[in-house]
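Student: I would like to go through a pocket and some ring pairs. Can we take them one at a time?

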Amino acid sequence: MARPAEKARGMLNKWVKMREEGNSTAPVRGRRPGFASECNHLGDAEYYRNQIVREITGGIAKIQNPALGEHTIRDLNDEINQKMREKFHWNKRIKQLGGLDFNAIERQRQIEEGDVQSLEGPGGYRYFGAAKDLPGVKELFEKQAQKRQTRKRGEIVKHLTPSYYGWRDEEDGVLLELEEAAHQRNKRQRMEEEEADSSSDSDEEYLNVPSQEEITNLLLQEKKKALLAKLSF
């Protein structure tokens with residue numbers, strides 16, 4: 001019997017083969033084209049996108065060093081932003097070729113993680129690592145914070161996910177189990193309270209016997225009524 005890892009590897013190989021067969025042209029690889037629209041194979045597009053991601057990761061790692069100097073940091077930050085724009089176009093091309101929508105996935109991930117560390121300036125320009133401490137950048141951070149505080153209701157609601165409204169709370173089944181356990185617990189408690197109330201009512205009815213004084217008063221009242229009835233004739 002095949003192990004789970006072997007099954008997963010077999011399914012992955014099958015999916016890759018089906019994806020490759022779904023493209024009219026064979027993979028080319030080689031040097032990355034200057035424009036994403038020149039790539040006509042999904043596998044190549046994903047390969048070139050991974051190249052760009054590695055280049056961006058390397059640039060972000062380098063820009064963490066504040067000893068590089070202001071000019072070097074600015075040039076490196078510009079290069080990272082250029083790579084980010086290039087990655088955006090390759091993500092778009094991958095979607096056109098039938099692949100995943102990486103732009104939507106990355107945008108959703110940013111919203112869920114609250115990505116405020118990478119400041120977005122005018123035109124979507126972003127600052128990374130030591131570039132956040134450059135002269136004039138801190139003022140941009142402050143303006144960005146003020147802008148987030150004064151956002152309108154519509155802008156906030158636009159970025160809310162279904163998880164915010166609790167629409168996905170029942171997908172893993174944990175909430176349903178907790179609700180069922182709470183329902184059974186409340187049901188047992190309600191039944192115990194009803195039993196306690198019924199037993200106390202029956203005890204009160206059984207023990208509610210008139211006292212000797214009350215019986216004497218009732219007898220006197222009956223005798224008075226009988227005497228008044230005789231005198232009335």
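Student: Which residues line the second largest pocket?
Tutor: The model is predicted, so local features need pLDDT of at least 70, side-chain atom pairs count only at pLDDT 80 or more, and totals for chains, interfaces and linings use all residues. Residues are numbered from 1 along each chain as its sequence is written, and side-chain values use heavy atoms, without hydrogens and water. On a 1 Å grid over the protein atoms alone, a pocket is an open set of points where a 1.4 Å probe fits, with protein on both sides within 12 Å along at least five of seven lines, and lining residues have an atom within 4 Å of a point. Here the lining consists of Gly34, Phe35, Ala36, Ser37, Glu86, His89, Trp90, Lys92, Arg93 and Gln96.

Student: How do the residues of that lining divide into nonpolar, polar and charged?
Tutor: Ala, Val, Leu, Ile, Met, Phe, Trp, Tyr, Cys and Pro count as nonpolar, Asp, Glu, Lys and Arg as charged, and the others, Gly among them, as polar. The lining of the second largest pocket therefore divides into three nonpolar, four polar and three charged.

Student: Is Trp90 buried or exposed?
Tutor: Buried means under 20% relative accessible area, exposed over 50%, and partly exposed in between (1.4 Å probe, protein chains only). Trp90 has a relative accessible area of 1%, so Trp90 is buried.

Student: Over the face of which residue does Arg49 lie?
Tutor: A charge sits over a ring if NZ of Lys or CZ of Arg is within 6 Å of the ring centre and within 35 degrees of the ring normal. Arg49 is at 3.8 Å from the ring centre, over the face of Phe102.
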